[in-house]
Amino acid sequence: MLAAEARPAGRLRRGLTEPLLPFAALALLAVAAAAADQVVMCWASVGALAGYSLSGSV
Amino acid sequence: MLFSPGWRAPVRQSQVLAVFSLGLLLGGTLSATVLWLLSGLAAPVPGPVRTGAILTVGVLGVAREAGWVRIPMPQNARQIPQEVLRYRVRRGALQFGFELGTGVRTFVSASAPYVVALGLLLAHQGPVTTILTGTGFGVGRAVTATVRYASRHDEWDDRRVTRMPLVANGIGVTVLAALALLLLR
């Protein structure tokens with residue numbers, strides 16, 4: 001039997017952990033908050049996007 | 001490393017993720033608090049000038065990310081030493097997360113953090129908005145670790161590397177669009 005890390009990830013898990021998904025969700029949130037004049041939410045989601053842009057950078 | 005499927009330490013990986021994420025949030029919050037204090041210096045500048053400057057910075061951020069212009073930005077060009085994780089895993093993960101969360105202790109490989117930091121300095125928002133933006137920065141960094149952990153597969157790193165150019169450029173454009181929409185209304 002293959003070790004966990006050697007088995008291919010399931011299709012659902014792979015889809016839910018797609019690296020583009022957090023970007024899409026945060027981008028939608030930032031623009032929607034800006035359009036709704038939700039200042040705090042807009043800045044906070046822009047901050048989150050900035051954090052996510054450093055993905056993998058240590 | 002911290003969240004790879006090959007974890008062998010005697011501490012549960014989910015605990016390490018929680019402590020690491022807490023550190024990221026605290027680090028981002030601290031940096032934003034400093035930015036809020038400094039942003040008072042921009043207060044005497046007229047609002048339209050500050051808005052123009054923020055959007056100019058946003059445009060330059062997009063151009064820099066796309067490689068159209070070369071603008072050297074200050075960064076602490078070194079990695080956080082691995083020793084912080086060697087002896088006390090939980091405390092080390094907290095420290096590691098905190099240092100990463102501040103955004104000033106290691107490499108900054110994208111333009112968006114500079115745009116947001118300069119935007120906060122120039123916009124001189126209230127303390128809640130500024131500080132929560134820093135907390136949001138920590139959340140954004142924690143998302144990477146959480147999704148990496150949830151993927152339970154090393155192949156996720158390859159997907160991340162493949163998607164990063166699109167993500168980094170997309171984030172640059174989105175930050176500019178969101179701030180333009182917010183500030184020009």
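Author: What follows is a chat about a predicted model, with reasons for the words used to describe it.

Reader: Let's start simple. What makes up chain B, helices or strands?

Author: Helices: chain B has six of them and zero strands. Read along the sequence, the pattern is α-α-α-α-α-α. Chain A is built from three helices, again with zero strands, and its pattern reads α-α-α.

Reader: Why is B:Val108 called buried?

Author: The cut-off is 20 or more other C-beta atoms within 10 Å. B:Val108 has 20 C-beta neighbours inside 10 Å, so B:Val108 counts as buried. You'll find B:Val108 in the loop between helix 3 (89–102) and helix 4 of chain B.

Reader: Which residues does B:Val108 touch, leaving aside neighbours within four places in sequence?

Author: B:Val108 is in contact with B:Gln75, B:Gly103 and B:Pro113, plus A:Leu54 from chain A. For a sense of scale, take B:Asp158: its C-alpha atom is separated by 20 Å from that of B:Val108, and the two residues are 50 apart along the chain.

Reader: Why are helix 4 and helix 6 of chain B called roughly parallel to each other?

Author: Angles under 35 degrees count as roughly parallel. Helix 4 and helix 6 of chain B pack at an angle of about 20°, with their axes 9 Å apart. That is under the cut-off, so helix 4 of chain B and helix 6 of chain B are roughly parallel.

Reader: Which residues meet where helix 4 of chain B packs on helix 6 of chain B?

Author: From helix 4 of chain B come B:Ala112, B:Val115, B:Val116 and B:Gly119, and they meet B:Ile171, B:Gly172, B:Val175 and B:Leu179 of helix 6 of chain B. By type, this contact divides into six nonpolar, two polar and no charged residues.

Reader: What makes helix 5 of chain B count as mostly covered?

Author: The count of buried residues does: 21 of the 25 residues in helix 5 of chain B are buried. From first C-alpha to last, helix 5 of chain B reaches 36 Å, close to the 36 Å expected at 1.5 Å a residue.

Reader: How many residues are in contact between the two chains?

Author: On one side there are 52 residues of chain B, and they are in contact with 34 residues of chain A. Helix 4 (112–123), helix 5 (127–151) and helix 6 (155–183) of chain B each supply at least two residues to that side of chain B. Helix 6 of chain B gives the most, with 17 residues. Sorted by type, the side of chain B that touches chain A has 27 nonpolar, 17 polar and eight charged residues.

Reader: Last one: how far apart in sequence are the contacts within chain B?

Author: Take contacts between residues at least 6 apart in sequence: 85% of these in chain B join residues at least 24 apart.

Methods
Residues are numbered from 1 along each chain as its sequence is written. Chains are lettered from A and ligands numbered from 1 in the order in which they are written. This is a predicted model: local features need pLDDT of at least 70, side-chain atom pairs count only at pLDDT 80 or more; totals for chains, interfaces and linings use all residues. Two residues are in contact if their C-beta atoms, placed from the backbone, lie within 7 Å. Helices (H or I, at least four residues) and strands (E, at least two) are DSSP runs, numbered from the N terminus. Ala, Val, Leu, Ile, Met, Phe, Trp, Tyr, Cys and Pro count as nonpolar, Asp, Glu, Lys and Arg as charged, and the others, Gly among them, as polar. Axes are lines fitted to C-alpha atoms, for helices over the stretch in contact, and angles run from 0 to 180 degrees between N-to-C directions. Angles under 35 degrees count as roughly parallel, over 145 as roughly antiparallel, 65 to 115 as roughly perpendicular and the rest as oblique. A residue is buried if 20 or more other C-beta atoms lie within 10 Å of its own, exposed if 12 or fewer, and partly exposed in between; C-beta atoms are placed from the backbone. The expected span of a helix is 1.5 Å times one less than its number of residues.
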